[in-house]
Amino acid sequence: MKSTFIKIALFYLPIMMLTMACKEELIVSLSNERAISKFSFSGLTPIVDATIDEANKKITAVVPPATDITQLTPTITVSDKAMISPTSGKVQDFSREVAYTVTAENGSKAIYKVLISRTKFTGKDILSFSFNDLSPVVTATIDTATKLITATVPATADLTKLKVTTTLSERASIVPASATILDFSKPVSFTVTAEDGTKQVYTANITQQIITTIKDNKTVFISNTKGDAYAINAETGELKWKFSIGSSTSNSPIVDNGVVYFSDRYVLYALDAETGKQKWQFKDGINSLGSTPLIANGLIYVGVDAKMVALDVLTGKKKWEFATDYYIDASPCIENGTLLVGTSSFPFSGGDLHTGSLYALDAITGAKKWMFDVKTPVTNNPCVVNGIVYVCGRSLITDSYIYAINVNTGVSIWGHSKYTAIASPTVLNNGLYFSGQEYYVLNTNDGSLKFKYNNTKFSISYSSTSSPIIYDGLIYVGASDRILYAFSATDGKIVWELKMGEYISSSPCIANGVVYVGGQDTKLYAVDSKTGKTIWSFETSDEIKSSPCVIDKKGKAYHTGESGFVN
């Protein structure tokens with residue numbers, strides 16, 4: 001029996017020893033590796049790789065300033081056969097410390113503390129500075145080089161109690177704070193502090209519009225379709241003198257150095273502005289005068305059929321003429337010695353030809369510098385600002401093109417046929433304003449649409465060719481619904497409207513806060529630019545399709561202008 005037990009024991013003993021050895025081997029082979037070898041944010045640009053302090057089990061990283069550290073997704077690499085919690089690829093809020101636990105294959109653990117910080121913003125700029133409580137809103141000009149902020153507020157505003165609204169670089173702060181009521185009767189300093197603690201000081205110089213009244217104005221000049229020219233007391237609306245220019249005209253008068261110039265279809269007259277006495281006249285046979293003249297360099301420029309003529313402003317004697325391809329129906333404008341002349345094929349085209357050109361001539365000699373094919377009749381006056389001429393062609397049949405052209409080179413900066421302008425444009429703050437099917441504002445840099453005034457009250461048609469004029473933040477223009485509108489240049493909100501008796505083809509002229517405009521109801525109106533209330537009206541002998549001009553008591557002249565501004 002004993003011998004049998006020994007034999008059995010000897011048989012099983014090796015098996016038991018082998019089993020125990022295998023178990024020991026199994027236990028020894030489980031990995032205890034539990035390290036984070038890489039911790040990165042691959043969703044950021046550029047990818048951010050964290051720094052791993054293995055000895056202290058700390059992971060740190062600095063991400064770009066605009067990163068939302070409350071919504072970051074890390075990509076994590078750990079030891080082979082190890083697991084991590086929270087898992088890789090899971091969104092985490094790193095605005096506070098986050099603990100990651102790595103568990104080895106053998107169940108041992110390591111805890112890493114992750115600290116993520118964001119680079120602080122360095123921007124310390126004032127991006128906008130405005131008085132939103134004023135109507136219309138006044139937005140200041142910010143000189144980024146000198147850090148000077150300037151603005152002119154209405155005469156009715158209290159400079160000592162103005163609330164300013166500012167927008168700043170991201171995460172910057174400002175003292176005094178935005179929406180604070182401040183005294184701007186003297187310069188005010190604003191300190192902008194960036195998130196990184198650096199500072200920048202701006203100075204705001206806010207001025208108030210000088211209060212002027214109609215008493216500052218002296219004479220307003222206007223002509224009508226019967227061929228009568230008028231000089232009217234700009235303050236009272238009383239007639240000073242009247243002159244018959246012979247035939248119907250829609251050309252507007254201009255005034256310079258005590259002389260006012262009127263033209264009908266065939267004759268240009270130079271009259272003494274005070275008395276109406278004729279000084280000289282110019283006539284070029286049976287050729288017609290299609291545009292309002294322009295005065296510069298001691299010359300008066302006028303389109304005569306298909307040629308531009310320059311006359312001596314004192315004598316009316318012809319100095320030079322230049323033949324163009326088509327009829328000149330738009331008034332010229334001038335920039336740095338270059339005369340810009342638009343042409344229209346309307347009177348000379350047989351059939352379906354609807355085209356036009358823009359010429360650049362030497363203003364002194366009349367020599368051609370360049371010519372640009374506008375592809376559309378140019379019946380609207382060009383508008384020139386800062387070396388760029390904006391020309392809006394107009395056609396009832398074909399596409400109407402709008403171009404921005406370099407005055408020096410004649411090269412187009414941009415152009416397209418997306419909109420039709422029915423009157424001459426104006427420019428303000430990188431915006432090209434004109435009336436078409438609606439009132440449009442294009443970006444002067446690339447011709448893209450900035451916005452449009454699609455207020456259903458506005459009624460635009462070819463019956464009304466009133467060009468807009470901008471004064472004190474408002475746009476003034478006549479519409480075919482027989483209403484003179486004043487609306488905000490920033491948001492299109494109507495400030496006031498004046499109902500007139502007929503269509504308004506006359507472009508408004510503004511002098512010292514008074515709007516002067518003619519109507520096809522035969523009347524010339526003087527209107528308060530702030531309220532829209534009629535100060536006086538003067539009835540002429542026929543429809544008014546021309547635009548007025550004004551001289552004040554200091555001899556300063558006001559016209560509708562080549563760019564639509566007040567002077």
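**View 1. Arg118 is a buried residue, at 19% relative accessibility, and forms a salt bridge with Glu195.** Buried stands for under 20% relative accessible area, exposed for over 50%, and partly exposed for the range in between, with a 1.4 Å probe and protein chains only. A salt bridge is a side-chain nitrogen of Lys or Arg within 4 Å of a carboxyl oxygen of Asp or Glu. In the pair of Arg118 and Glu195, the closest N and O atoms are 2.4 Å apart. Arg118 belongs to strand S8 (residues 109-118), and Glu195 to the loop between strand S17 (188-193) and strand S18 (199-208), so the bridge ties together parts that are 77 residues apart in sequence. Helices (H or I, at least four residues) and strands (E, at least two) are DSSP runs numbered from the N terminus. The model is predicted: local features need pLDDT of at least 70 and side-chain atom pairs pLDDT 80 or more, whereas totals for chains, interfaces and linings use all residues. Residues are numbered from 1 along each chain as its sequence is written, and side-chain values use heavy atoms, with hydrogens and water left out.

**View 2. Lys242 and Asp228 form a salt bridge between two strands.** The closest N and O atoms of Lys242 and Asp228 are 3.7 Å apart. Lys242 lies in strand S21 (residues 239-244) and Asp228 in strand S20 (residues 228-233), so parts 14 residues apart in sequence are tied together. Lys242 is partly exposed at 47% relative accessibility, whereas Asp228 is buried at 7%.

**View 3. Lys57 and Glu54 form another of the 15 salt bridges found in the whole structure.** Their closest N and O atoms are 2.9 Å apart. Lys57 is partly exposed, with a relative accessible area of 23%, and Glu54 is partly exposed at 33%. Elsewhere, Asp284, Lys307, Lys318 and Glu321 are linked in a network of salt bridges.

**View 4. Strand S12 (residues 148-153) has alternating side chains.** Ile149, Ala151 and Val153 point to one face and are buried. Strand S11 (residues 141-143) runs antiparallel to S12 and is joined to S12 by three bridges; two strands pair if DSSP finds at least two bridges between them. Asp143 has Leu148 of S12 as its bridge partner. The hairpin of S11 and S12 has four residues between the strands, and in this hairpin Lys147 takes a positive phi near 60°. S12 also runs parallel to S18, with six bridges between them, and Val153 has Gln208 of S18 as its bridge partner.

**View 5. Phe184 is a buried loop residue, at 1% relative accessibility.** The loop that holds Phe184 is between strand S16 (181-182) and S17. Leaving aside residues up to four places away in sequence, Phe184 touches Phe129, Phe131, Leu159, Thr160, Leu162, Val164, Phe190, Ala204 and Ile206; contact means heavy atoms within 4.5 Å. The C-alpha atoms of Phe184 and Ala204 are separated by 8.0 Å, and the two residues are 20 residues apart along the chain.

**View 6. Cys383 and Cys509 are buried cysteines in a structure with zero disulfides.** A disulfide is a pair of cysteine sulfur atoms within 2.5 Å. For Cys383 the closest cysteine sulfur, in Cys333, is 7.4 Å away, too far for a bond. For Cys509 the closest cysteine sulfur is in Cys549, at 7.0 Å, also too far for a bond. Cys383 has a relative accessible area of 0%, and Cys509 is likewise at 0%.
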